[in-house]
Each structure stands twice: as structure tokens, then as C-alpha cells.
Amino acid sequence: MAHTEGIGTPITNAFDAWAEMLNTRSNGRIDAQHFPAAQLGGLAEALEGSRIGTIQVTTAGPDSEEAIAPEIAALGGAPGFIYKNEAHVDAVLQGELGRRASEIAREKTGVEFVAYGETGFRHILAKRPVQSLADLEGLKIRVPQLRIWVDFWSLLGAAPTPLPYSEQYSALSTGIIDAIDSDVFSIEGFRFYEQARYLTLTGHWFLPKAVRVNAAWLDSLPQDLQDLVRSSAQEAFAEQRRVNRALADETLEGLRGQGVEVFTLPEAELAQMEARTEPLFEQFGSVSPETAEMIAAIRALG
């Protein structure tokens, strides 16, 4: 198990719990070893390793499949504002659409999504206050190396800067970027607040984390161990989602205690952000009929 999530975050703790379940319940027939916080490489290396089987398990947002399976990427919060609240997230990922995404991932990427964790809604953490849409103008904000997020922030007037996740802290410290967008747990876990002190609660992107198991490895196991991998993953990450949601407000208060200034955008400003980025649903959906259909199905559940 290898991924880029920070040590001490709910999702990393869930992997610890899952590894223990596998080792104990398999009576040692599975030897699960857990390497968080990019110890075995960044996200690109983890994804590639999970596809070819050098790493059996990793986690990433479904949006990381944009190039291979764009219909899955829609479940990863792309484009922004696709998820309205946590109940909407559950209706999508714990239902038929989540199962369908796993089937597509197996077919196109060689991994099975055995469960879905989450890091929650993402917000803007900046080196200067962002209290309105106008404040985003020219803001150098780090984005994943995915076109949809470059387009998203460009429509909002910002200056999106594609960088690997692992480079965010140093890029903030050196001024390569002015801002990141992040969940509160990662801001705390990776200590991003040391470099950027202004947090604006936009909730523009909810990032589920698909728990990805190399399908060839999973298929090679005896049936009882296949069942164990799937059932224990579901158990561990159902608890992860519960903990993640329960601790979000507490973590936000902790960041305030570290000197982070927290802003809430007026509803009119958020509505304007949504309106400006609305064209991305059609643009992203134009990649394939399956992608347009998935976007429509997600939005219909909201």
C-alpha cells in the first residue's frame, strides 16, 4: 500500500487500520505493508505502480483518470461544484454510479475500486486574503497536472500553475505560487499553514479517494482472500468517511489556533463562481457520450 496522503490524516489512519485487518484476518496469508506520504514516490508513480502491479494498492481521486477514462474523472469532482453536499456524494459513490466506475476502471486501467474514502471539500489557502471573486484575479494557484483544473481556475481569473502535489510546500515558500486548494486535514498534516495564512471556505471541489487495487493481483488470490480484501476495505473506509466528517470542524478550529485567518465567501460570490465555471460541464462532457452521461447522472442525484 503506497500513497501520497499525509501521516496522521484520517485516510492514512484508515490504511493503517485496513492493513491490520488484512494481516490479522488472513492469519498472515496476506502481508500488507503501508507506505504513506509519498515514501515510494509521488502520485504518478503510485498510479502507474498500481496499474502494472508493482504496488498492489494505492489511492487517488477518480479525476486522475481524465486521460484514460474521463467518465470516471467526473466522479472525482471534475469539474468543480459538481457535488452539492455529503449526502450527494454518498448517493453517487455508494450507489450504482460508484460500482459502475469500478467496472470501468477495471476494464480501462487494470485496477478495481474496492472502496471510496475521502479527504472532503477543498478550499483556497492563500498568502493573501481572498474574500471575493475579484481577489482571485491573477492569483498563482497550484493545480493538479490536469487540463480541467487549469480551465477551472482560468475561468475564475486566477493564474493556475500545474505542479506535483509534493512540491506545494516549497512552491509556497519560494513564491512560485500564491495559493493552493486543499482540504483542511492536508493543510494541517502537511503544515501548509506555515507558508499561507488565509483560508477561504469555498467548498468548490469535493475529492473522493478511490481505493485502488491491482486487478490482476486481486484475481490471483483465493476467493476467500478476494472477499476479505473487498469487505475489509469497505469496513475501513466507511469508518474513514465517518471520522473525516466528524473531525473537519475540529481541524478547522485547530488551524485557527495556528494563526490561520478563515473567511467565508458571501453566497452571491459563490453563486458567481459556479456560474462562471458552468460551461465546463458541457466542455468536459464533450469528450465522449459516456462522460456526458455520467455528468448528467451525478448532477441528477444532487
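Which residues does Ala 37 touch, not counting residues up to four places away in sequence? The answer is His 3, Thr 4, Glu 5 and Ile 7, where contact means heavy atoms within 4.5 Å. Ala 37 and Thr 4 are 33 residues apart in sequence, yet 4.3 Å apart in space, C-alpha to C-alpha. Ala 37 itself sits in the loop between H1 and helix H2 (43-52); helices (H or I, at least four residues) and strands (E, at least two) are DSSP runs, numbered from the N terminus.

A word on the model before we go on. It is predicted, so local features need pLDDT of at least 70 and side-chain atom pairs count only at pLDDT 80 or more, while totals for chains, interfaces and linings use all residues. Residues are numbered from 1 along each chain as its sequence is written, and side-chain values use heavy atoms, leaving out hydrogens and water.

Now to the rings. The whole structure has 14 aromatic pairs, meaning rings of Phe, Tyr and Trp (its six-membered ring) with centres within 6.5 Å; planes under 30 degrees apart are stacked, over 60 edge-to-face and the rest tilted. Trp 18 and Phe 237 make an edge-to-face pair, 5.9 Å centre to centre with 80° between the planes. Because Trp 18 lies in helix H1 (residues 10-25) and Phe 237 in helix H10 (residues 223-257), this pair ties together parts 219 residues apart in sequence. Trp 18 is buried at 0% relative accessibility, and Phe 237 is buried at 0%; buried means under 20% relative accessible area, exposed over 50% and partly exposed in between (1.4 Å probe, protein chains only). Elsewhere, ring pairs link Phe 81, Trp 149, Phe 152, Trp 153 and Trp 205 into a cluster.

Charges come next. The structure holds 20 salt bridges, each a side-chain nitrogen of Lys or Arg within 4 Å of a carboxyl oxygen of Asp or Glu. One of them joins Asp 224 to Arg 29 at 2.7 Å, N to O, linking helix H10 with the loop between H1 and H2, 195 residues apart. Here Asp 224 is partly exposed at 41%, and Arg 29 is partly exposed at 48%.

Glu 65 and Arg 212 form another salt bridge, with their closest N and O atoms 2.0 Å apart. Glu 65 is in the loop between strand E1 (57-60) and helix H3 (70-73), and Arg 212 is in strand E6, 147 residues away.
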